[in-house]
Amino acid sequence: TQIAFFYQDRKDAQVTQSFADCSGNSACTGFTSYLINAARASSYGIESELFFRASDRLTLNASLGLMKSEFDKFSSYSHADSLRIARETGKYVAKNLSGKELSHAPSYQFALSSDYQLNDSLTFWASVEAKDSFQLGDNHNATAKAYELLHARLTWQASDALTLSLFAKNLTNKDYIVRGFATWDNDPRQGGQYDSYGPYYQFGNPREIGISLEYQL
């Protein structure tokens, strides 16, 4: 068993931001990304790992991560407000994001896996991994939902040099979000119809089934 506690206090933490580009146009036709420094950000938590040999044939592994994170002091541009005010005044407004959770920082992550030796040459491995919901960006409120993924692998040790495996990733074909973006309508060419198109998401890989062959010279 391994256990680690951590605390991190970041001063002038770098954060990716963007603002609507409305220069010389009746409708905003793009946005500009840039880096900004949040005054302060902090995170703390625990990471643990367990390895357990239940028998000569069965081995169990588990890992757990718990984390609390937030911006202690941070003001950011609000996209919907900046888009509207940019048309009216050419100025942008700031939004206080102090207390907001850091992006891509789920409060928990865990994984459980087992190896079972079926016979001298066959091994079955199965794993479940899980992640809590998390913020997808520091300058918008799009959120990825919590999810669990199941994986499995059957390995045949044909010889000392040759290994053949049948594997399945995301066995239940779960839809899960890995990245996302949300501000006004996400497409400045639409002329600022706020939230009419909703957030955009990038999903993780669907079910993948395959065979791998490994040969050691």
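Leu-166 has a relative accessibility of 45% and therefore counts as partly exposed, where buried means under 20% relative accessible area, exposed over 50%, and partly exposed in between (1.4 Å probe, protein chains only). The residue is found in strand β11; strands (E, at least two residues) and helices (H or I, at least four) are DSSP runs numbered from the N terminus. The model is a predicted one, in which local features need pLDDT of at least 70 and side-chain atom pairs count only at pLDDT 80 or more, while totals for chains, interfaces and linings use all residues. Residues are numbered from 1 along each chain as its sequence is written, and side-chain values use heavy atoms, with hydrogens and water left out.

**Overall composition**

- The protein holds 14 strands and one helix.
- Of its 217 residues, 31% count as buried.
- The accessible surface comes to about 13300 Å², and 51% of that surface belongs to carbon and sulfur atoms; such areas come from the Shrake-Rupley method with a 1.4 Å probe, and for residues only the protein chains shown count as cover.
- Among contacts (heavy atoms within 4.5 Å) between residues at least 6 apart in sequence, 60% join residues at least 24 apart.

**The nonpolar surface patch**

- Leu-166 is one of the residues of a nonpolar surface patch of about 960 Å², made also by Tyr-116, Leu-118, Phe-124, Leu-154, Trp-156, Leu-164, Ile-209, Ile-211 and Leu-213.
- The elements that contribute two or more residues to this patch are β10 (147-157), β11 and β14 (208-215).
- Strand β14 supplies the largest share, three residues.
- Patches are made of residues with over 30% relative accessible area and no salt bridge; like charges are joined within 9 Å, and nonpolar side chains (Val, Leu, Ile, Met, Phe, Trp, Tyr) within 5 Å.

- Strand β6 (residues 108-117) and strand β7 (residues 122-131) pair in the antiparallel sense over nine bridges; two strands pair if DSSP finds at least two bridges between them.
- These two strands form a hairpin, with four residues between them.
- Across this pairing, Tyr-116 stands opposite Phe-124 in β7.
- Strand β7 also runs antiparallel to β10, to which ten bridges join it.
- The bridge partner of Phe-124 in β10 is Leu-154.
- Asp-120 lies in the loop between β6 and β7 and counts as exposed because its relative accessibility is 80%.
- The C-alpha atoms of Asp-120 and Gln-157 are separated by 8.3 Å, although the two residues are 37 residues apart along the chain.

- Thr-163 lies in strand β11 (residues 162-169) and counts as buried because its relative accessibility is 14%.
- The side chains of Thr-163 and Gln-157 are joined by a polar contact of 3.1 Å. A polar contact is a pair of N or O atoms within 3.5 Å; within protein, one must be able to donate a hydrogen and the other to accept it, and residues adjacent in sequence count only if both atoms are side-chain atoms.
- Apart from neighbours within four places in sequence, Thr-163 is in contact with Thr-155, Trp-156, Gln-157, Ser-212, Leu-213 and Glu-214.
- Ser-165 is placed in strand β11 as well, and at 7% relative accessibility it counts as buried.
- The side chain of Ser-165 makes a polar contact of 3.2 Å with the side chain of Thr-155.
- Not counting residues up to four places away in sequence, Ser-165 touches Arg-153, Leu-154, Thr-155, Gly-210, Ile-211 and Ser-212.
- Ser-165 and Gly-210 are 45 residues apart in sequence, and their C-alpha atoms are 8.3 Å apart in space.

**The salt bridge**

- Side chains of opposite charge can pair when their charged atoms come close.
- The structure holds one salt bridge, a term that denotes a side-chain nitrogen of Lys or Arg within 4 Å of a carboxyl oxygen of Asp or Glu.
- Arg-40 forms a salt bridge with Asp-9, and their closest N and O atoms are 3.1 Å apart.
- The pair links distant parts of the chain, 31 residues apart, with Arg-40 in strand β2 (residues 30-53) and Asp-9 in strand β1 (residues 2-21).
- Arg-40 is partly exposed, with a relative accessible area of 30%, and Asp-9 counts as partly exposed at 43% relative accessibility.
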